[in-house]
Amino acid sequence: MSGTPARTADAATAAEVVCLGESMVTFLPSQPGRLADVPSFGRGIGGAESNVACALAAAGHRAAWVSRVGADGFGDHLVEAIAGYGVDTSGVRRDPSRPTGIYFRTATDRATDVHEVAYYRAGSAASAMSPDNIPYATLPATRVLHLSGITAALSADCLALLHDLTAPRPGRPLISFDVNHRPGLWRDADASPEVLLDLARRSDLVFVGEDEAEEAWGVTGAAAIRAALPEPATLVVKRGAEGATVFSGTADTQGTADTPDAGDITTVPALRVDVVAPVGAGDAFAAGFLSATLRDLPVRDRVRHGHLMAAAVLTVPGDLTAPPARAHADSLAALDDEAWGRLRLGPGWTGDDQEVRTT
């Protein structure tokens, strides 16, 4: 399948992207420090797939979120908050016997040793998702179906659902898969690398960080990751402060990722950002890349829109924020390489009346 999602006859009314996965009520700390020391928390929403849906809807796309939540107040809050971003939540089902998941986290970057997350999601409504209660045929018509490895970790039924959704079938939408390796979620941590690799190989567009690929599969560097994942038509390797490398076109399984057999290779440097809170950037990057993909923009601009959407989130306290206006983002994505490299984005940069700094 090509790197650009096909348009269907009813594209004018169908969701452009359907995002499927668990969302939870998030309790955000009022100040830095250990969970044991934080005196109070503010309520928010959190979920990789719903974050992507909210960001896409805020950017002007028709996005839908499909999941299960409890028949409780937290479920009410999730559905109302996500719908408030303009996301279609008609595919969300209520479970009268299972609760909505919640979690607490510290304010620090999840990649650091001091970051803490306390999940209360075991037995949640979303963990009961399966091919029986969310069959493929009931999903809204869409150009892109966005999934993540987090869902695969929730339960055997959720893993079976992802296998069903990623199975080859006529008219299948472009399958976007964010590896999102979260070792702490897996009951059988030894199984996660093989499961995630299999799901990525069944997908058309894959997002994976260099760090998580090394942790999960023991491969180092973008070239080695492409060698391990030759099947996806588009492979996006996120390289932190170094930027992102995109492999476009299915690689020859007999080749290696440092040869033309890996397909076209595009590397785009990251932006310099004055970070307020280092959370939510990965989901925002995926949303920006998907938004530009839906608009059939060149690969370089797809990555730049991913960086810009991530910068919008990094410069606010929470996981979600309004993205820059499309014209604003387009003008920045169109800069020449020298001007792009001189950008420095800080709090408030997305506003129409804000000047973007250069150095």
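Tutor: Let's start with Asp337, which counts as exposed at 57% relative accessibility (exposed means over 50% relative accessible area, buried under 20% and partly exposed in between, with a 1.4 Å probe and protein chains only). Before going further, please keep in mind that this is a predicted model, in which local features need pLDDT of at least 70 and side-chain atom pairs count only at pLDDT 80 or more, while totals for chains, interfaces and linings use all residues. Residues are numbered from 1 along each chain as its sequence is written, and side-chain values use heavy atoms, leaving out hydrogens and water.

The partner of Asp337 is Arg304: their side chains meet in a salt bridge, 3.1 Å from N to O (a side-chain nitrogen of Lys or Arg within 4 Å of a carboxyl oxygen of Asp or Glu). This pair links distant parts of the chain, with Arg304 in helix 9 and Asp337 in helix 11 (residues 337-342), 33 residues apart. Helices here are DSSP runs of H or I with at least four residues, strands are runs of E with at least two, and both are numbered from the N terminus. Whereas Asp337 is exposed, Arg304 counts as buried, at 2% relative accessibility. Behind such pairs lies a simple idea: side chains of opposite charge can pair when their charged atoms come close.

Asp337 has another arginine beside it. Arg300, also placed in helix 9, touches Thr266, Val268, Ala333, Ala334, Leu335 and Asp337, leaving aside residues up to four places away in sequence (contact means heavy atoms within 4.5 Å). With a relative accessible area of 29%, Arg300 is partly exposed. Arg300 and Phe289 are eleven residues apart in sequence, and their C-alpha atoms lie 9.8 Å apart.

Arg295 is partly exposed at 24%, and Asp330 is partly exposed at 25%. Another of these pairs is Asp164 with Arg169, where the closest N and O atoms are 3.5 Å apart; Asp164 is partly exposed at 23%, and Arg169 is partly exposed at 26%. The structure holds 13 salt bridges.

Helix 8 takes us to helix packing. Helix 1 and helix 8 pack at about 45 degrees with their axes 8 Å apart; axes are lines fitted to C-alpha atoms, for helices over the stretch in contact, and angles run from 0 to 180 degrees between N-to-C directions. The two helices are therefore oblique to each other (under 35 degrees counts as roughly parallel, over 145 as roughly antiparallel, 65 to 115 as roughly perpendicular and the rest as oblique). Ala48, Asn51, Val52, Ala55 and Leu56 of helix 1 meet Asp283, Ala286, Ala287, Leu290 and Ser291 of helix 8. By class, that contact has seven nonpolar, two polar and one charged residues (Ala, Val, Leu, Ile, Met, Phe, Trp, Tyr, Cys and Pro count as nonpolar, Asp, Glu, Lys and Arg as charged, and the others, Gly among them, as polar).

For another helix pair, turn to helix 4 (residues 156-165) and helix 5 (residues 192-201), which pack at about 25 degrees with axes 10 Å apart. They are therefore roughly parallel. Leu159, Leu162 and His163 of helix 4 make the contact with Val195, Asp198 and Leu199 of helix 5; its classes are four nonpolar, one polar and one charged.

Stepping back, the protein chain has eleven helices and 16 strands. Buried residues make up 54% of its 359 residues. Of the contacts with a separation of 6 or more, 70% come from residues 24 or more positions apart.
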